[in-house]
Each structure stands twice: as structure tokens, then as C-alpha cells.
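I opened this entry to record what I looked up, item by item.

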Amino acid sequence: MSQSLPSDPVITPAIVAEHGLSPEEYQVVLDGLGRAPTWPELGVFSVMWSEHCSYKSSRIHLKRLPTTGPRVVIGPGENAGVVDIGDGLCVCFKMESHNHPSYIEPYQGAATGVGGILRDVFTMGARPVALMDSLRFGRLDHPKTRSLVHGVVAGIGGYGNCMGIPTVGGETRFDESYDGNNLVNAFCAGIVHRDRIFLGTVGDAGNKVFYVGAGTGRDGIHGATMASASFDDDSDEKRPTVQVGDPFQEKLLLEACLELMSMDVLVGIQDMGAAGLTSSSVEMAGRAGAGLLLALDQVPTRERDMTPYELLLSESQERMLLVIKPGHEAKVFEVFEKWDLRCAEVGTVTGDGVWRCTWHGTEVAAIPVPILTDAAPKYDRPRVARPASPPVPALPPVDRSAALLRLLADPDVSDKRWIWRQYDHQVGTDTEIGPGLDAALLRVKGTAKHLAFVADSNGHHVYANPRVGTAGQVAECVRNLACVGADPIGLTDCMNFGNPRKPEVMWEFSESVDGMAEACRELGVPVVSGNVSLYNETGDSSILPTPGLAMVGLWEGAAPRLRGRWTAGRAVALIGGEGTHLGASLFIRAMHGLRKTGDAPPVDFDRERALGAALRRLVREGLVEVAHDLGDGGLAVALAECALDVGGQFDVATSDTALFGEDHGRAIVAYDPAREAEVFAACAGLPVRHLGATGGERLEVADIKVPVAALREAWGDTFPRWVDG
Amino acid sequence: MNRRVAVVTFPGSNCDADARHAVALHGMEAVPVWHKDTSLGNVDAVILPGGFSYGDYLRCGAIARFSPVMQDVVRFAEAGGPVLGICNGFQVLCEAGLVPGVLLRNSKLKFLCQDVTLHMEGRDTPFTRNGGVDIRIPIAHMEGHWYADDDTLARVEGEGQVVFRYVGGAPNGATRDIAGVCNARGNVVGLMPHPERYVEASVGGIDGKVVFERLAEVLS
């Protein structure tokens with residue numbers, strides 16, 4: 001029978017509420033236990049049933065995502081998804097949010113976001129090979145934005161650079177809805193042998209449980225609960241709930257774990273992420289249908305006088321829980337001693353399905369595992385469709401040359417070198433295409449395989465039409481991968497939304513899931529991992545619905561010879577048709593102040609499939625030198641992004657829609673004009689049109705005439721001037 | 001016979017595998033050496049690779065230089081053996097007093113990962129040769145601002161110990177745009193840029209090959 005310790009506080013309704021449990025949820029706790037919880041048990045329910053750990057508002061919707069496919073080895077539910085890439089190799093990947101901590105303490109919040117996603121991947125037995133980050137900040141003129149950008153970028157670099165994992169891509173956007181709630185979504189991919197994948201399980205009763213890595217401190221206590229609440233004026237007071245990262249410890253942990261994994265002594269392994277020791281041990285036991293007995297007084301600590309409650313809820317970083325095959329315990333101590341890491345036996349696997357903790361011999365927690373996992377609350381929260389945004393009105397004429405320069409200087413479009421040159425994007429010597437092109441491309445040493453990575457999301461399109469907007473983002477990721485020759489093989493998602501108790505937010509979420517599901521099914525991309533971040537709101541206003549997507553692609557063959565910018569004497573073609581759609585576009589926001597106006601551009605899956613196939617063929621056969629998907633700012637911006645060295649003259653209708661429309665299913669390619677027939681043949685069945693030729697010092701398209709130097713200045717100088725200003 | 005090149009792994013080294021890969025690509029045998037080893041074994045050259053030894057805590061390279069294997073590295077260097085320190089390895093060499101100068105934080109206090117153009121100059125070493133074409137290879141560091149007091153600087157410049165210099169200005173603020181130096185005898189070389197990263201055409205280019213080709217030639 002679990003006992004309270006003399007020092008434990010008395011549990012009152014107010015304390016229950018402070019733990020984020022509703023009166024109804026607390027009644028389920030009482031009924032499930034048949035008694036009142038002890039103080040540590042209350043903390044355990046609080047974190048395990050938090051939105052962050054239990055997915056209680058999102059679970060019923062996420063089930064609609066397609067998660068299987070011929071390449072899928074492990075789908076959602078484990079630490080990361082695993083997809084087969086042939087020859088006994090797999091790619092293991094996931095993206096996860098660290099939004100709230102990164103707003104409160106940008107450097108450590110972002111750094112530990114990277115640390116957490118790295119552990120999710122190497123826990124599976126994979127050696128991490130690539131990182132990406134999807135970032136959202138508030139308006140440039142908001143007083144907090146600049147320092148948040150500095151802190152978050154330094155934190156990401158500080159952790160990833162020290163670990164020696166290249167940060168090869170990502171995206172950064174700015175909008176007023178993120179003023180008080182920035183987003184930091186970190187992605188990691190690793191490579192693992194198909195027969196060497198490790199899972200978070202515990203095996204048979206009697207197996208010993210080991211704690212390895214950094215000692216436990218008081219940092220991050222109740223991080224998961226914080227991540228499940230909205231921001232208010234007290235956000236600054238939550239700083240102690242942010243974890244502190246030590247990438248050096250994690251590098252040692254990575255090497256030690258991979259070394260141990262090569263020895264055939266591990267039953268299961270799980271990293272201590274959100275809700276730390278509690279969720280890692282409960283999840284491991286739950287997957288095996290087993291129980292666990294943890295001696296909390298054996299847990300290595302780095303602070304004095306820590307209580308069972310604190311030990312269970314700490315989110316100290318760089319820690320792992322291992323279950324070892326009987327008789328191999330000495331090996332664990334040997335490996336961790338080599339790497340100067342702490343290692344302690346802290347528990348035993350039991351057969352009774354109960355998760356128990358003792359403190360110097362006294363049982364302080366005893367909860368049947370299914371109560372924490374299966375019986376966790378699940379809500380089908382009310383959903384109400386938001387009224388459609390007003391249509392795009394008749395627009396007054398603008399100077400289109402000035403408009404193009406304005407769009408190139410927009411922080412969503414302009415050069416982010418200032419960010420990515422703070423990230424080591426080459427360590428590991430596999431980066432064939434780093435940041436700055438449509439997608440990153442990495443070789444897999446010892447094979448002819450290349451993995452492509454892209455992160456993308458457009459909250460304006462998703463706000464305009466959560467279903468179609470999200471489908472469009474999936475399609476855009478597929479196009480980005482095709483621009484470096486790769487087939488899409490899997491998707492991971494970070495669903496960043498507002499308060500799920502608001503029916504319009506819940507509607508956005510549900511619609512977004514359906515749009516993603518439909519597009520993934522149509523385009524043959526399984527969703528293999530992901531995470532949900534709700535309550536992204538400040539005061540009463542939610543962020544733009546932001547399903548952060550990261551997609552992985554694969555192809556085999558000689559590395560493509562691609563450039564980001566044109567050289568002189570090339571022909572340029574537009575594949576996929578003319579621009580027609582200005583709804584939710586950057587053009588109407590930047591030039592006409594029309595935010596939240598118009599519908600998202602529709603998605604034609606037949607067109608997307610055909611375009612993807614054509615682009616892959618063009619790139620793989622070396623027919624094109626530059627391939628660029630059309631996104632923010634439409635055709636004019638895409639042309640300008642390729643014209644930063646060499647200009648050209650292009651024949652496009654003199655209209656805002658043709659130049660700046662954000663219709664999906666389109667790309668531009670540059671090629672040797674002598675091979676135009678071959679290029680067009682590869683695009684059979686698609687609209688394809690010769691736009692013009694590259695060369696000269698000016699970009700001329702419709703009535704736009706701008707010197708290349710002015711394009712370069714608008715695109716290249718604006719962001720660094722602001723951020724260092 | 002294959003020439004053996006030791007690549008030392010300190011806790012926190014993360015370019016050790018890249019250095020071994022580059023060594024092997026140039027027909028030499030890369031020998032992994034653990035920092036707790038007390039002997040380098042029978043090797044013909046030593047590379048201290050890049051990374052964040054001991055997390056760069058205290059000061060970059062300041063703890064690594066006390067690793068057990070460093071005694072044998074110092075002995076090997078003093079006996080005239082070729083030793084190359086790249087990035088964090090250069091910082092370790094400076095801390096160990098095997099090459100002159102120290103490395104300060106970049107002048108703009110940001111980590112920088114970008115290509116730089118280098119001029120190879122000074123005396124010939126087992127890794128460099130005076131003259132030849134400039135090379136374009138990347139830097140990736142937070143503390144690459146090479147600095148020395150005036151006397152040391154005068155001696156280093158006067159004795160031809162500057163072996164790599166940034167062309168067009170040092171992005172990290174390094175004194176006199178110095179990117180790499182050697183010791184007085186010329187057998188120990190340290191540089192901040194990463195030649196091991198650019199040794200294949202599909203991954204950044206092949207400008208880093210000259211360093212490994214030179215070593216292979218000297219050892220043959």
C-alpha cells in the first residue's frame with residue numbers, strides 16, 4: 001500500500017487544479033486507484049495525463065492519418081518512425097516541438113528541443129545524420145522578436161554543433177500571431193540497420209532496469225504540464241520549468257548507447273524526455289504489458305535532498321532508461337565508465353502490471369500501468385467551423401518592380417544565411433546539398449543512396465482553409481524533394497495549434513488532419529511519427545494553425561549536379577501552368593495589408609503526381625541545372641530567387657495573379673536550350689511553357705525590370721540588417 | 001606499405017570519423033586512438049580532429065590537453081613526427097604549447113560555418129607547401145580568432161610559421177588573417193578550417209585534398 005511521506009503536502013481541490021487535472025479527471029484517478037493518490041502519484045497523473053504526454057484532445061483525430069506503407073518498419077507510437085531504404089538500412093526520424101520553453105528561455109529551450117529529438121532517434125539504435133528546424137517568430141517590430149531569434153538560433157547551433165550532427169535545412173517565418181508564442185520544431189533523422197532497431201520495452205519479469213547519463217536535478221519539473229497550458233503574464237515566472245541542456249553529456253551518451261547497442265545486451269531503451277523518469281518507465285512497461293519496481297533512492301542526482309515527487313517529475317536532460325538482458329549487467333557499467341557517464345541499477349521488471357516506486361524501502365507509488373496509459377482521458381472536443389475569410393477584393397494597381405523587391409525583402413522569403421551559417425551543416429561529410437535550395441540532400445556513405453530532407457509549412461494557407469491548406473503543404477514538400485530528385489518516403493509532423501477547448505481551434509485541427517491524411521494517401525507518403533503542441537496562444541489569441549511538416553525523400557544513383565542560381569545562356573521553362581490564385585498569398589499581405597483574406601489555393605493531386613515524376617526525371621537524368629518549386633510570392637519571386645547572379649528576360653502575362661499567385665503544382669527549371677525537346681518530353685501530360693532565357697544584369701518579366709544587384713540587395717541584406725541592427 | 005595515421009578521439013570530438021575517412025581516401029591507414037590510451041602505438045603521423053573536446057568547457061582544448069594520450073603526442077611531436085590539429089585539434093595544440101598563439105571567440109561572437117579562401121604560404125611542412133593555388137574549404141567554429149602577443153607574432157611571421165592565411169579578410173577576426181600556423185621546427189601544424197571536409201567532388205569540392213596528398217607524399 002502506497003504511503004504518503006510526512007513531508008508531503010495535503011492534496012486539496014486547489015492543488016489538484018494546479019496540477020492541471022479537472023475534477024472529473026481527478027475522480028477517474030480516485031476510482032482507478034480505489035483510494036486517494038499519494039503526493040508523488042498526483043504528480044505522475046498530472047504529467048501523464050497532460051496534453052503533451054496523453055494527446056487527450058488529439059488522439060481520436062490522429063488515428064485518421066495513413067501510417068503504413070511498404071517501406072514503413074515502425075510507425076507512430078515509438079520514439080521515432082522508421083522507414084526502409086533498402087539493403088538492410090532504414091532511416092529513422094521524427095520532429096518535435098519545444099515551443100513554450102523556447103519562448104521563456106530561448107537558448108536553453110531551443111537547445112534542449114534539439115537534444116530531445118536527437119535522443120528520440122538514437123534511442124532507436126540510429127546514428128543521427130541530419131537535423132532541421134522549423135521556426136516561427138512574431139513581427140520584426142515586436143520588441144521581443146529580435147532577442148528571441150538570437151537566442152533560439154544560438155541554442156539550436158550550440159547543441160547540434162557540439163553533437164556533431166549537421167543542421168542541413170529548415171524554415172523560418174514571421175507573423176504577428178507568434179508575437180507572444182514562438183514555435184521551435186526540431187527534426188532529426190538517423191540511419192539504422194534494419195536488424196538493429198531498439199524499442200522502448202522491458203521484456204520479462206526479473207530484468208534489471210538501469211539509469212544512465214546525467215544526474216537528476218530540479219530543472220524542468222512540470223515541463224509537460226507547462227507545455228499544456230496557455231501563456232499569460234506569468235510566463236516569465238515559469239523559467240525554472242525550462243530544462244538546461246548539456247550537449248557534451250549527450251554526445252557521450254550517444255556514443256555510449258550506440259556502443260552498447262552493438263553488443264547484443266539490451267532488451268529495451270527509452271530516453272527520458274517530457275515527464276522524465278515517469279513517462280519513460282511507464283511507457284516502457286505499458287508496451288510490454290508488464291510492471292516495474294523503481295527504487296527512487298537509487299537514482300543518481302545532482303542536487304541535494306530531492307524528493308520522490310521531484311525525482312519522478314524532473315525533466316533533466318541527457319538521461320536514458322535501459323533494460324538489460326540478465327547476466328550482462330557488468331557490460332553496461334564497463335561501457336558507461338569508459339565514457340565517464342553515470343550508471344545505476346534503479347529497478348526491476350515485474351509481472352503484475354503495476355508501476356511501483358519505493359523510497360528507502362517505503363512504497364510511495366503503486367499505479368496499475370493501464371490506468372496511466374489506456375485509461376488516460378480522451379476527448380472528442382466540440383468543433384465549429386470558422387466563417388470563411390473574406391474574398392480577395394479588387395486590388396488597386398501597384399508598381400510591380402517595387403512589389404517584387406518588397407516580397408524578396410519579406411522576412412519569410414529573404415536570405416536566412418545569417419541563421420544557417422551559425423549551424424554546422426557539413427560535419428559528417430555527407431552533405432551534398434545544404435541549406436538554401438528546395439531541399440537538402442545527403443549521401444549515405446558506402447551506398448549509392450541519397451536522402452533528401454525538407455521542412456515546410458504555410459500557416460496563412462492553413463488558416464485560410466485548414467484542410468486544403470494542409471494538403472497543399474504536403475504537396476509542396478513532395479515538390480521540394482522532387483526538385484533534388486528524391487521520391488517521398490515518409491512524413492513527420494508537428495501539429496502546432498491554439499487552445500483545443502475553443503471549438504474553432506479544434507475544427508482547424510481536425511480539418512488539418514483530414515487534409516494531411518488525404519494528401520498523404522493521394523501522394524503515397526506515410527506519416528510515421530509526430531507530435532502535437534496545443535495551447536499555443538497568448539491571452540485570447542491563437543497562433544495561425546501551423547502543422548509543421550518534415551518530409552524525407554530517397555533516390556539511388558550518382559549525385560545530381562544542381563545549382564540554386566542560374567548561369568547565363570540557359571533556357572527556363574514553367575511547368576504546371578499559369579498563376580491564377582491570390583488568396584492567402586504573400587502578395588496581398590505585403591502589398592495590400594490583406595491578412596486572413598481569400599481561400600487557400602486548391603490542390604490537384606493528379607497534377608502533383610505528374611509534376612513530381614517529371615521533376616525527378618529531369619533532375620536524375622541531368623537535364624536541368626536548376627529546379628525550383630513555386631511557393632511564397634509565386635512565379636516572380638521564384639524567378640528572382642534564381643536570378644541573384646544572372647538575370648534574364650521572361651514572357652509572363654502582365655497581371656498580379658500570373659506573377660504573384662501561389663497556385664500549387666508548379667515549378668521552374670533551367671536547362672541547356674539545345675535539350676529543350678528532351679525537357680519537354682519529360683513533362684509529357686503537363687502544361688509546360690518556355691518562359692525565356694537567362695543572361696544579363698537585369699531580370700525582366702512582364703512589366704518588371706529590376707537590376708540583379710537590386711534583387712540581391714533586397715533578398716540578401718534585409719534580414720541581417722534587421723537582426724544585427 | 002600503408003602509412004599509419006593516428007586520429008585521436010577525445011570525449012566530444014566529432015570530426016574524428018571525417019578525418020579517418022579523408023585519410024583512408026588518400027591511401028593511408030587511419031588508426032583510431034582513444035584519448036585514455038597512453039601510447040599512440042606505431043604510427044607515422046597524428047591528427048587531432050575537430051569537435052568540442054570536453055564540451056569546450058573551461059576553454060576550448062584546455063582540458064583535452066591533459067588527456068593521457070597527449071603525453072605521447074607531445075613526445076611524437078618533439079621527435080619530429082608530423083602532427084596536424086584541425087579546428088578543435090588546433091585549439092588543443094595551442095593549449096599544449098605545440099604551436100604558437102591562442103584562439104579567441106569570433107569577433108562577432110557567433111558560430112560561423114561557411115567557405116573561406118586560403119592562401120598557403122610560409123615554410124614547407126608535412127601538410128602544406130609554400131605557394132600553389134589558393135584553396136576554398138569551410139570553417140565551422142565559434143572560437144577561431146587566432147591571437148598572439150606582438151613578440152610571438154613577429155617571430156611567427158618572421159620564421160615563416162604562418163602556413164594558411166585567409167584571403168579577403170578573416171571572418172572570425174583572426175590577427176593578420178592567420179588561419180593556420182606551424183611550430184618552429186615545422187612538423188606540427190594547426191589550422192581552423194576543415195580540409196577533411198572537402199575531399200570529394202560531390203560533397204563540397206576537392207580543395208582539401210592538397211593537405212592529405214602532401215602528407216601521403218611526405219610519408220611515402
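I am working from a predicted model.

**Chain contact.** I looked up how many residues of chain A are in contact with chain B. I found 25 residues of chain A in contact with 22 residues of chain B. I then checked which elements of chain A supply at least two residues each to the side that touches chain B, and noted α8 (145–163), α10 (247–261) and β14 (431–433). I sorted that side of chain A by class and got nine nonpolar, nine polar and seven charged residues.

**Helix pair.** I next looked at α15 (residues 400–409) and α25 (residues 708–724), both of chain A. Their axes come within 7 Å and cross at roughly 30 degrees. I noted the crossing of α15(A) and α25(A) as right-handed. On the α15(A) side, I listed Leu405(A), Leu408(A) and Ala409(A) as making the contact. On the α25(A) side, I listed Ala710(A), Leu711(A), Ala714(A), Trp715(A) and Thr718(A). By class, this contact has seven nonpolar residues, one polar residue and no charged ones.

**Buried helix.** I asked how many residues of α3 (residues 39–48) of chain A are buried. The count is 10 of the 10, so I recorded α3(A) as largely enclosed by the rest of the structure. I wrote down the buried residues of α3(A) in order: Trp39(A), Pro40(A), Glu41(A), Leu42(A), Gly43(A), Val44(A), Phe45(A), Ser46(A), Val47(A) and Met48(A).

Key
Residues are numbered from 1 along each chain as its sequence is written. Chains are lettered from A and ligands numbered from 1 in the order in which they are written. This is a predicted model: local features need pLDDT of at least 70, side-chain atom pairs count only at pLDDT 80 or more; totals for chains, interfaces and linings use all residues. Two residues are in contact if their C-beta atoms, placed from the backbone, lie within 7 Å. Helices (H or I, at least four residues) and strands (E, at least two) are DSSP runs, numbered from the N terminus. Ala, Val, Leu, Ile, Met, Phe, Trp, Tyr, Cys and Pro count as nonpolar, Asp, Glu, Lys and Arg as charged, and the others, Gly among them, as polar. Axes are lines fitted to C-alpha atoms, for helices over the stretch in contact, and angles run from 0 to 180 degrees between N-to-C directions. A crossing is left-handed if the near helix is turned anticlockwise from the far one by less than a right angle, and right-handed if clockwise. A residue is buried if 20 or more other C-beta atoms lie within 10 Å of its own, exposed if 12 or fewer, and partly exposed in between; C-beta atoms are placed from the backbone.
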